[in-house]
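Subject: Structure for you to look at

Hello,

Here is the structure I promised to pass on. Please open it alongside this note, and I will go through what turned up.

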Amino acid sequence: KQWYQRRVRGGKMLSQGRETNPSIAIVAHFDSYGIAPHLAKSANGNGSGVAALLEIARLLSKLYSKSGNTPKYDVLFLLSSGGKLNYLASKTWLEKKLSSDSLETVLLNEVEFVLCLDGIGNDGLHLHVSKQPKEGTAAHKMLTAIEEAVALLNPNISVNTVPKKVNLGNPLFAWHHEIFTVKRLSAATISNYPAYNSLGRLNTFDTSVDVEKLYAHTHIIAEGIARYISDLSNQSITILNDYLMP
């Protein structure tokens, strides 16, 4: 347990203004696992999620450093191991931080939404949630922001919402966001896998991703997050285009 606690890496982007700001968390796990560990590559699940998180952090850092344009949200980034072991590191970290007085605890207490990235390097985008997002909720706001980003950046891509209740009777979590949902945090996982038991998600020989799709999906998600934290809605302008790599 202690080993998994140490295998959590976090970073923060802090907004300006109030001492306490609403925040969102961007989360991904970085490990692989298989019957033959040396053959388990997990390029898409979840190397693609790690790559996306790092690129989103780069893009948002540009936004936060832009003079006079600092969003009113704090952003917490979390990379953890144990994803293939029932998200053990995230679970341990979350339980520890919710019972401490650290800065991360302050941010967690102000978390409005947690977005987990898990396998986004192939066809399709699915937003996995514990229940269908209702208008006025953080989940609906994030879904709307991502859909607007899709319309602006790549209308050929669709985002499907996949509601699945957390099975409290099963000790195994289906998706990363369920760790946070059971702690009463609004959360979702975005993935190209349509279901938690999709065959590709369980593939030990997951050795490659479609780089073009990973690039497109990452920047759609980043633009959606930027729209969320900037409270920008129903406007035909993009926020992050100036910061995209050619």
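A word on naming before anything else: helices (H or I, at least four residues) and strands (E, at least two) are DSSP runs, numbered from the N terminus. Please keep in mind that this is a predicted model, in which local features need pLDDT of at least 70 and side-chain atom pairs count only at pLDDT 80 or more, while totals for chains, interfaces and linings use all residues. Residues are numbered from 1 along each chain as its sequence is written, and side-chain values use heavy atoms, with hydrogens and water left out.

Let me begin with the salt bridges. Taking one to be a side-chain nitrogen of Lys or Arg within 4 Å of a carboxyl oxygen of Asp or Glu, the count comes to eight. In one of them, Glu 55 meets Arg 58 at 2.9 Å, N to O. These two are three residues apart in helix 2, so about one helical turn separates them. For accessibility, buried means under 20% relative accessible area, exposed over 50%, and partly exposed in between (1.4 Å probe, protein chains only). Glu 55 is buried, with a relative accessible area of 17%, whereas Arg 58 is partly exposed at 23%.

Another salt bridge joins Lys 213 and Asp 123, at 3.2 Å, N to O. Lys 213 belongs to helix 7 and Asp 123 to the loop between strand 4 (111-117) and strand 5 (125-129), so this pair ties together parts that are 90 residues apart in sequence. Lys 213 is partly exposed at 26% relative accessibility, and Asp 123 is exposed at 55%. Lys 213 also forms a salt bridge with Asp 210, again listed at 3.2 Å, N to O. Asp 210 is partly exposed, at 28% relative accessibility. Through shared partners, Asp 123, Asp 210 and Lys 213 are joined into one network.

Now for the aromatic rings. Rings of Phe, Tyr and Trp (its six-membered ring) pair if their centres lie within 6.5 Å; planes under 30 degrees apart count as stacked, over 60 as edge-to-face and the rest as tilted. The structure holds one such pair. Its rings are those of Tyr 73 and Tyr 228, with centres 5.6 Å apart and planes at 65°, so the pair is edge-to-face. Tyr 73 is in the loop between helix 2 (43-65) and strand 3 (74-80), and Tyr 228 is in helix 7 (residues 211-229), so parts 155 residues apart in sequence are tied together. Both tyrosines are buried.

Which residue lies over the face of Tyr 228? That is Lys 141, at 4.3 Å from the ring centre. A charge sits over a ring if NZ of Lys or CZ of Arg is within 6 Å of the ring centre and within 35 degrees of the ring normal. Likewise, the charged end of Lys 164 sits over the ring of Tyr 196, 5.4 Å from its centre.

Gly 82 is found in the loop between strand 3 and helix 3 (88-97), and it counts as buried at 0% relative accessibility. Gly 82 and Phe 30 are 52 residues apart in sequence, with 8.1 Å between their C-alpha atoms.

I hope you enjoy looking through it.

Best wishes
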